[in-house]
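Here is a short briefing on one protein model. Look over the sequence and the structure first, then read the points below.

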Amino acid sequence: MLISADDLRFFLEVSRTGRLVAAARGLGVDHTTVGRRITQLEKASGARLFVRAPGGWELTEAGERLAVHAEAVESSLLAAAEELGSSPGRLSGTLRIATPDGFGAFVISPGLGNLRRRYPDLNVEIVTATRLNLLASKEFDVGISLARPTIRGVEASELAEYPLGLYASTQYLQRCGPISDVDELVHHSLIGYVDSLLDIPALRFLDAALPGVRPGIQTNNITGQWMAAAAGLGVAVLPSFIAEPDRRLVRILEGSVSIKRKYWLAVPRELQRLARIRAAQEALRELVIAHPYLEPVPGVPGGTPQ
C-alpha cells in the first residue's frame, strides 16, 4: 500500500501540535478526519507512528524516521508552489516571524523597511512573546530565540549578541538620589519580570546581581519594564537597544554591572529552501549588522541541525 502525500500533511500537523484537535484546527477539518488519516497512514507504513502520552501525541521511533522524509516531501512541494506562484525576482505569500517581544518591537518592526521595499508583495507577521517555548509549536517561518533552540527539525544559528545595563530615569534619580554601588539597590524600587512566569534562565538578571531581592514592580514583557523605568518608577535591567535612544533614561553602575545575552535564529528544516525564508534571514542579518546596539555573530549557512 502506497503512502499518500496528503496523509503525510496530516501526520506532520499532529507531530507539530501534539494534539488531534489542534491539528484539525490548523488543517481546517474535524478531529475525526485527522484520526482517520493517521490510522490510514499507519496501515500504509506498517508501523505505529504515535503513542498517547500525558502531554499529547508523541512520535514513536518509526514516526521520527518517517518525519524526516515527510518534511522533505513538504519542503519540495512548498518550493514548487512558491516557484510557480511568484514572478521571477518577486516574492509573495506570508512570512511569520516569531520573536521575543523586545527584539520584535524595537528591532524588527522599525527595521522592516528594506525587506518591504525589496518584496512589497510579501506579507509579514510578527508574533511576539517572552517564553522558552515560543518556537515549540513550529508555527513560524523564521524564529528568534533567547536560548539555543532544541526542537526537532529546526535549524539554528547564532544571530547577535546584545548588551544590557541598569537604567533609571533622571526624574527617579533626582527624587531618590544617585546610586554608586550595587548594594545600594536593595534600598531602591526595582523593576523586573514576573518570577513565576519567567522560564528563561538567561533573563534572570536581578537574581545574579541581588540574590533574594524581589522587584517591587514586575511585568512579563520588556516593554512594560521600559515604560515603568521611563516613568520614574524604579531601576530596571534593559537592553541597550531599548534604553540608550531614550533620553529620559540614564545608565547607572556601568562600571560594575555589564550584561551580555545572545539571540538565535531558527528556521524549520522543511522551509530552508524557500526563497522568502532565505530573504528573511538575509534581511535579519543585515538589520543586526546595521544596528548600533547589536553585535553580529558570524552565521554558518544553514545553521546547526538540532
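Which residue has its backbone oxygen 2.7 Å from a polar atom of the side chain of Ser15? The residue is Leu12. Keep in mind that this is a predicted model.

- Ser15 sits in helix α1, which covers residues 5–17.
- Is Ser15 buried or exposed? Ser15 has a relative accessible area of 16%, and buried means under 20%, so Ser15 counts as buried.
- Leaving out residues up to four places away in sequence, Ser15 touches Phe50, Leu59 and Arg152.

**How α1 meets α3**
- Helix α3 spans residues 31–45.
- The axes of α1 and α3 come within 9 Å of each other and cross at roughly 115°.
- Angles of 65 to 115 degrees count as roughly perpendicular, so α1 is roughly perpendicular to α3.
- The crossing of α1 and α3 is left-handed.
- On the α1 side, the residues that meet α3 are Asp6, Asp7, Leu8, Phe10, Phe11 and Val14.
- On the α3 side, their partners are Thr33, Val34, Arg37, Ile38, Gln40 and Leu41.

**The nonpolar cores**
- How many residues does the largest nonpolar core have? The largest nonpolar core has 61 residues.
- Phe103, Leu185, Val235 and Leu238 have the most contacts inside that core.
- Setting aside neighbours within four places in sequence, Val235 is in contact with residues including Leu166, Tyr172, Ile179, Leu185 and Ile252.
- A second, separate core has 20 residues, among them Leu8, Leu12, Val34 and Ile38.

Methods:
Residues are numbered from 1 along each chain as its sequence is written. This is a predicted model: local features need pLDDT of at least 70, side-chain atom pairs count only at pLDDT 80 or more; totals for chains, interfaces and linings use all residues. Side-chain values use heavy atoms; hydrogens and water are left out. A nonpolar core is a set of buried Ala, Val, Leu, Ile, Met, Phe, Trp, Tyr and Cys residues joined through side-chain atoms within 4.5 Å. Buried means under 20% relative accessible area, exposed over 50%, partly exposed in between (1.4 Å probe, protein chains only). Contact means heavy atoms within 4.5 Å. Helices (H or I, at least four residues) and strands (E, at least two) are DSSP runs, numbered from the N terminus. A polar contact is a pair of N or O atoms within 3.5 Å; within protein, one must be able to donate a hydrogen and the other to accept it, and residues adjacent in sequence count only if both atoms are side-chain atoms. Axes are lines fitted to C-alpha atoms, for helices over the stretch in contact, and angles run from 0 to 180 degrees between N-to-C directions. Angles under 35 degrees count as roughly parallel, over 145 as roughly antiparallel, 65 to 115 as roughly perpendicular and the rest as oblique. A crossing is left-handed if the near helix is turned anticlockwise from the far one by less than a right angle, and right-handed if clockwise.
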